[in-house]
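Welcome! Take a moment to look over the sequence and the model, and then we will walk through some of the features together.

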Amino acid sequence: MKKPNNPVYYMLLFSGILLFIFLIMQPLEILHFRDYISVLFPKGDIALEQRNLLFIVQIIMLLVIIPVFICTFIFSWKYRADNPKGVYDPDLVDNIFLEFVWWGVPFVIVVLISILTWYKTYELDPYKPIQSEKKAITIQVVALQWKWLFIYPEENIASLNFLQFPKDTPLHFEITADAPMNSFWIPALGGQIYAMSKMKTELYLIANQEGDFRGSSANISGEGFAAMHFIARASSEENYQQWVESIKQSQKGLNWESYSKIALPSQEDAPETYNLTDPKLFDKILNKYMHPKKE
Amino acid sequence: MLGRLTLEDFKHDFVQNGAVASMVLGGVGLIALIFYLKRWKWLWNEWLTTTDPKRIGIMYIVVVLIMFMKGFGDAMMLRAQQAMAVGDSQGFLTAGHFQEVFSAHGTTMIFFVGMGFIFGLVNLIVPLQIGARDVAFPFLNALAFWLFTAASMLVLISLAIGKFSTAGWLAYPPLSELEYSPGEGVDYWIWILQIAGVGTTISGINFLVTILKMRCPGMTLMKTPIFVWSILCAMILVIFAFPVLTATLFMLSLDRYLDMHFFTSGGGGNPMLYVNLIWIWGHPEVYVLILPGFGILSEIVPTFSEKRLFGYVSMVWALLLITFYSFVVWLHHFFTMGASPGVNTFFAIMTMVIAIPTGVKIFNWLFTKFRGRVHFTSPMLWFFAFLLNFTVGGMTGVLLSVPPVDFQVHNSLFLIAHFHGMAIGGLLFSLFAGFTYWFPKFTGFFLDEKLNRYAFWCWLGGFLLAFMPLYMLGFMGATRRLDRYGVETNWHPLFVLVAIGAVIILIGASIQLFGLFWSIKNRKKNWDHTGGDPWNGRTLEWSIPSPPPIYNFAIIPTVSDVDPLWAIKRGEAPPARKDYEDIYIPKNTPIGMYIGLFSLIFGFAMTWHIYWLAIIGLIGILVNTIIQLSGNDEHDLITAAQVQEMEEARIRGNAAL
């Protein structure tokens with residue numbers, strides 16, 4: 001650039017630097033927070049598949065974005081009003097070929113992403129069981145004000161704000177709410193699904209590493225919403241069995257009466273475990289809103 | 001007697017008291033100033049009772065300015081709270097107050113800043129661009145403005161009296177139902193949106209008819225400026241979508257007031273119905289906001305590139321396609337509700353299809369610059385920033401439209417970064433561009449260019465810093481609307497960065513505000529001496545003096561080109577004839593304002609269950625409507641001789657300068 005004394009030059013330089021800073025910031029953030037970016041560094045196959053899909057779509061999109069950015073900068077510099085060498089052609093307002101290109105190229109890209117999306121949406125349908133030699137563990141999830149209750153119908157135990165399961169075993173979540181609508185999300189393991197009263201949504205997830213993952217509420221549910229998160233612990237099979245056994249020994253039972261007490265609004269409850277004495281508890285919670293309101 | 005209103009409802013915490021005090025002081029100060037300057041009569045005759053769209057447009061923008069300050073203040077509080085409330089620190093807001101603030105922020109920014117700013121510009125520019133002297137229904141136009149103002153006053157009142165909704169800007173049930181939100185907050189929200197929504201629908205009908213029926217001779221639809229096209233499409237969306245909002249809110253209010261069960265958890269209600277309905281309105285609403293932005297840029301880029309718009313026909317078809325597709329994508333706002341993969345796939349693909357016409361628009365703007373002479377005035381700077389931010393926002397939008405990816409980023413800060421990229425980087429930047437571009441048209445002088453540039457760089461840098469880290473926070477599992485979070489999440493450093501970004505934006509916005517006052521104060525120095533065409537314009541609004549005379553066009557133009565003024569300048573079309581005619585101007589009427597006032601009373605009374613007052617409000621609305629409907633449309637006559645005199649006086653005045 002021979003003539004840096006040009007305002008357009010500074011404008012482009014300055015915005016280029018700004019963009020560069022934010023471009024370079026992303027990998028730096030990723031390196032620095034590596035262990036905390038659960039969506040990009042997942043611990044389970046479902047989340048991994050979702051992450052890979054994100055990357056693929058991102059790369060395809062960059063095929064459009066990068067030319068736009070380059071054109072923006074080049075055209076701004078080349079066709080600035082005071083460029084002595086600038087070509088000026090005010091009647092260049094239509095070009096069938098060019099227009100064909102930018103209706104056509106995005107179209108092809110969208111078709112490509114659409115096919116990928118179609119295929120992947122069916123493959124990663126949250127309701128679809130995960131193929132595995134191990135039998136899936138069913139966990140019933142109830143979103144309450146403002147805590148999460150987990151019921152293990154096969155083990156006859158339940159836990160509050162704490163979830164434990166063996167790694168490499170498919171998890172089958174059945175989700176409902178006895179509170180305002182919420183969203184059940186363990187970012188390290190995979191996508192979220194809404195929790196709604198009277199309705200049962202399902203979600204299949206799997207953990208492929210041991211560890212404690214943050215589980216959260218993703219939909220505003222009132223006053224205590226921010227503190228409504230839980231620990232999802234993926235452990236070894238033995239450790240999990242021990243945990244189950246220890247709860248079965250415990251005296252704290254969970255039936256409709258004790259559930260009704262737990263369901264009262266409260267915030268920041270410490271993790272708790274229960275011996276499930278009412279195996280139909282989840283169905284009762286589901287049916288709670290089914291019958292007409294009694295006054 | 002006073003319904004649910006008690007003295008308790010006037011008590012607030014320190015922060016809110018400060019806001020209320022400054023608001024009341026500002027209001028009292030303003031009234032005192034008008035008394036001091038003895039301007040009541042002027043205010044009443046020239047502004048409050050006017051039906052002139054140019055005046056109404058300016059009043060829209062004044063209200064928008066006030067609401068922008070409120071919405072921006074809300075945003076700063078949210079950012080400050082999230083930068084502070086980590087671990088044991090509780091920040092300075094309680095959870096309830098924080099939730100009120102984000103609900104108010106969203107409602108204010110969408111309904112009263114975005115929509116208001118758009119309707120302001122539409123009022124100012126659309127009649128001028130189509131060569132019309134007025135809108136189709138001048139009274140309805142005034143009425144729509146006063147309903148808009150009444151609703152925004154109700155927002156301000158909710159700050160001082162009682163609490164606002166804590167259920168988010170879309171108030172999903174069952175959280176927004178009586179069971180979980182028994183207070184007045186959601187009722188405030190409902191009536192604010194009902195009043196504003198009716199106003200918007202009325203405006204939509206008015207401008208649709210104006211554009212379809214009042215274009216000047218020779219302006220066929222395919223010779224209509226793209227800004228007008230974009231407004232036409234936006235108004236079609238308004239007319240189809242806003243009745244859905246009104247009906248949905250009506251059902252929600254039946255639930256809340258008469259104990260019905262449309263959306264309740266129990267009693268046979270279905271909250272999922274509400275979520276569907278609100279987004280059937282909500283997604284077209286997104287395009288009501290962004291299409292005018294596209295339209296504004298389609299005017300600015302050709303003007304400052306000294307070229308015609310590249311691919312006019314493509315642009316029109318792109319607008320129409322977006323208009324159509326915006327009605328078949330609403331489900332992408334809740335892929336996570338558990339619909340079958342078939343349903344999710346359909347809506348995902350429809351969403352991606354919208355990216356095609358949007359991409360076409362971007363390439364057309366780019367190639368409008370190609371082989372042009374690009375002048376980087378501040379509107380072009382805003383366009384430059386728009387292009388960079390909007391493409392990034394569009395890319396993340398496509399990511400969000402892929403259901404399996406959406407499951408992982410839905411309701412996270414990634415989503416927040418995406419739609420603020422569209423709302424600020426897309427909509428607000430283009431509105432700023434349009435405001436700077438058309439400012440000399442409706443005032444006669446320029447905005448201070450230097451201050452505008454400083455503001456621009458603060459906005460761009462601040463915006464990137466305030467929203468880029470949000471993408472990463474979303475990937476870290478940070479959900480939206482958190483009033484506090486743990487240390488172990490490691491989100492805190494990024495939240496601090498984001499807050500710094502917000503402060504930089506605040507500096508930019510302050511410079512802009514100062515720049516506005518500075519420009520008004522020094523208007524003599526910034527006067528536009530070109531007699532109405534400072535940018536070497538291309539469309540009809542630049543063919544008349546600035547600020548335009550009350551009748552806009554002394555002679556209704558006849559056009560034969562998409563860019564009529566450009567054609568005259570290039571000698572391709574004959575200049576306008578000079579035979580003046582009698583012009584009828586609709587008389588001023590205060591009835592629009594009265595109906596607005598009674599709507600405000602009605603909304604307030606309903607919120608607090610003061611039914612006798614609500615009935616008074618309703619009767620007031622009814623009586624005023626009957627008075628308006630039974631009167632004849634009265635007009636003032638400006639004779640041809642007077643027009644000629646005014647026009648010649650103006651030409652002499654210009655020569656004297």
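Which residues does Ile280(B) touch, not counting residues up to four places away in sequence? Keep that in mind as you read on, and remember that this is a predicted model.

Ile280(B) touches Val244(B) and Trp330(B), leaving aside residues up to four places away in sequence. You can find Ile280(B) in helix α8 of chain B, which covers residues 271-305.

Is Ile280(B) buried or partly exposed? It has 19 other C-beta atoms within 10 Å, and a residue needs 20 or more to be buried, so Ile280(B) is partly exposed. For a sense of distance, Ile280(B) and Lys41(B) are 239 residues apart in sequence and 45 Å apart in space, C-alpha to C-alpha.

## Chain B as a whole

Stepping back, chain B has 19 helices and 2 strands. Its C-alpha trace spans about 70 × 60 × 45 Å along the principal axes.

Of the 657 residues in chain B, 59% are buried. Among contacts in chain B with a separation of 6 or more, 82% are between residues 24 or more positions apart.

## The largest nonpolar core

The largest nonpolar core has 294 residues, and those with the most contacts inside it are Leu147(B), Leu154(B), Ile192(B), Ile231(B) and Phe383(B). Helix α4 of chain B (residues 95-129) gives the most to this core, with 20 residues. Chain A takes part too: the core draws at least three residues from each of its domain 1 (7-83 + 90-123) and domain 2 (137-287).

Not counting residues up to four places away in sequence, Leu147(B) touches Ile195(B), Ala196(B), Val198(B), Gly199(B), Gly596(B) and Ser599(B).

## A sheet in chain A

Now turn to chain A, where 5 strands form an open sheet in the order β4-β10-β9-β6-β7, with mixed pairing. At its edges are β4 (162-166) and β7 (190-195) of chain A, each pairing on one side only. From one strand to the next, the twist averages 20°.

Within this chain, strands β9 (residues 211-217) and β10 (residues 230-235) of chain A run antiparallel and are joined by 5 bridges. As an example, Arg233(A) in β10(A) is the bridge partner of Asp212(A). Helix α4 of chain A (residues 237-249) packs on the sheet, touching β4 and β10 of chain A, and its direction makes about 135° with that of β4(A).

Technical notes
Residues are numbered from 1 along each chain as its sequence is written. Chains are lettered from A and ligands numbered from 1 in the order in which they are written. This is a predicted model: local features need pLDDT of at least 70, side-chain atom pairs count only at pLDDT 80 or more; totals for chains, interfaces and linings use all residues. A nonpolar core is a set of buried Ala, Val, Leu, Ile, Met, Phe, Trp, Tyr and Cys residues joined through C-beta atoms within 7 Å. A residue is buried if 20 or more other C-beta atoms lie within 10 Å of its own, exposed if 12 or fewer, and partly exposed in between; C-beta atoms are placed from the backbone. Helices (H or I, at least four residues) and strands (E, at least two) are DSSP runs, numbered from the N terminus. Domain bounds come from an automatic or database domain assignment. Two residues are in contact if their C-beta atoms, placed from the backbone, lie within 7 Å. Two strands pair if DSSP finds at least two bridges between them. Axes are lines fitted to C-alpha atoms, for helices over the stretch in contact, and angles run from 0 to 180 degrees between N-to-C directions.
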